[in-house]
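Please study the sequence and the model before reading each solution.

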Amino acid sequence: MKTPLPANDKLAEFSQAIPWEQLEDQKRRFNKALKQIAHEAIEGPLPLDRLSEATGVPVSTYYDNEDDASGNVILANVGDKQYVLGSLVSKRYRSGKTPAQSVVPYNLNPSVNHTNLQETEDPGTRIRAMGAELEFGLLHPDGSAPSEDDMQRFIMSYQAHARRVGITPEVDREACQYQVEVHIAPAIGYQRTRQALDGILASIAASSESTGLESAIFSSYPIESDFKLTDDPKVHTAVDLMVEVNQEFPEYMQ
């Protein structure tokens, strides 16, 4: 099966090129410099030279940094390797904040993998808390769309199975009627997050078996179903917000 995910040898190669301790240090230095720049309320593009000096490695952006009104991804460059330091949304979502004030640091350390996981689980190791969320669609085996009653039965089944295995039972509805989102609560330690993900997948599988609904683990609706908006206060609020925001940016209306 073709997959964009890296093979184990690629993960090991990355962690050898950038030891996880070195990467953690670079991230902390970047975050410290970012807080100072955000405090200064500097307008305009991110000062990449200043961030590079503070981080100790060249810092760049995935898209053109001079286009400071658009969203972007901030990257650290170590030799021929890159990893994500953080990201920021476009100006329309910043509520008047500067680009630096809008950057959200990226918590994952890509140098932590199956070869060194035990080192990062040491109680004395300073690894930040990490959580996750998983969105997926639901459909009947014949590809038809589930009803609202079907969706509610699946949600209740998932919550029951999640409680049994000791993971966060929270389920949120998404914009599409046939989507749900489940969460991994933030925790210190990659092993805990991985165990929580195992519990989520087990709960999804058990709920699919008990309800007869199949899961499509993509952030999209089943391909044989028409898109239908979820009749949920959270979704209606988001839609109202998007309509209001779009009206303030005529260039986005189309």
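**Exercise 1.** Does Ala41 count as buried or exposed, or as partly exposed?

*Solution.* The model is a predicted one. First, locate the residue: Ala41 belongs to the loop that links α2 (20-39) and α3 (48-55). Next, take its relative accessibility, which is 38%. Buried requires under 20% and exposed requires over 50%. Ala41 therefore counts as partly exposed. Finally, consider the backbone: phi of Ala41 is near 55°, a positive value in a residue other than glycine.

**Exercise 2.** Determine where Ser95 lies and how its accessibility is classed.

*Solution.* Ser95 is part of the loop between β3 and α4. Its relative accessibility is 70%. Because the class exposed begins over 50%, Ser95 counts as exposed. As to the backbone, Ser95 has a phi near 55°, which is positive although the residue is not glycine.

**Exercise 3.** Identify the residues that make the nonpolar surface patch of about 240 Å².

*Solution.* The patch is made by Val89, Tyr93 and Met242. Consider Tyr93 in particular: this residue is found in the loop between β3 (81-88) and α4 (99-102). A patch residue must have over 30% relative accessible area. Tyr93 has 41%, so it is partly exposed.

**Exercise 4.** Describe the open sheet of four strands and the helix that lies across β5, β6 and β7.

*Solution.* Begin with the strand order, which is β6-β7-β5-β8, with antiparallel pairing. The edge strands are β6 (171-173) and β8 (214-216), each of which pairs on one side only. From one strand to the next, the twist averages 40°.

Strands β5 (residues 129-139) and β7 (residues 179-188) run antiparallel and are joined by eight bridges. Phe136 has Val180 in β7 as its bridge partner.

Helix α6 (residues 148-165) lies across β5, β6 and β7, and runs at about 160° to β6.

Definitions and conventions: Residues numbered from 1 in each chain as written. Predicted model: local features only at pLDDT ≥ 70, side-chain atom pairs only at ≥ 80, totals over all residues. Heavy atoms only, no water. Pairing = 2+ DSSP bridges. Helix = DSSP H or I, 4+ residues; strand = E, 2+ residues; numbered from the N terminus. Axes fitted to C-alpha atoms, helices over the stretch in contact; angles between N-to-C directions. Contact = heavy atoms within 4.5 Å. Patch = residues over 30% accessible without salt bridge, like charges linked within 9 Å, V, L, I, M, F, W, Y side chains within 5 Å. Areas by Shrake-Rupley, 256 points an atom, 1.4 Å probe, with all protein chains shown as cover. Salt bridge = Lys/Arg side-chain N within 4 Å of Asp/Glu carboxyl O. Buried < 20%, exposed > 50% of the residue type's maximum accessible area, 1.4 Å probe, protein only.
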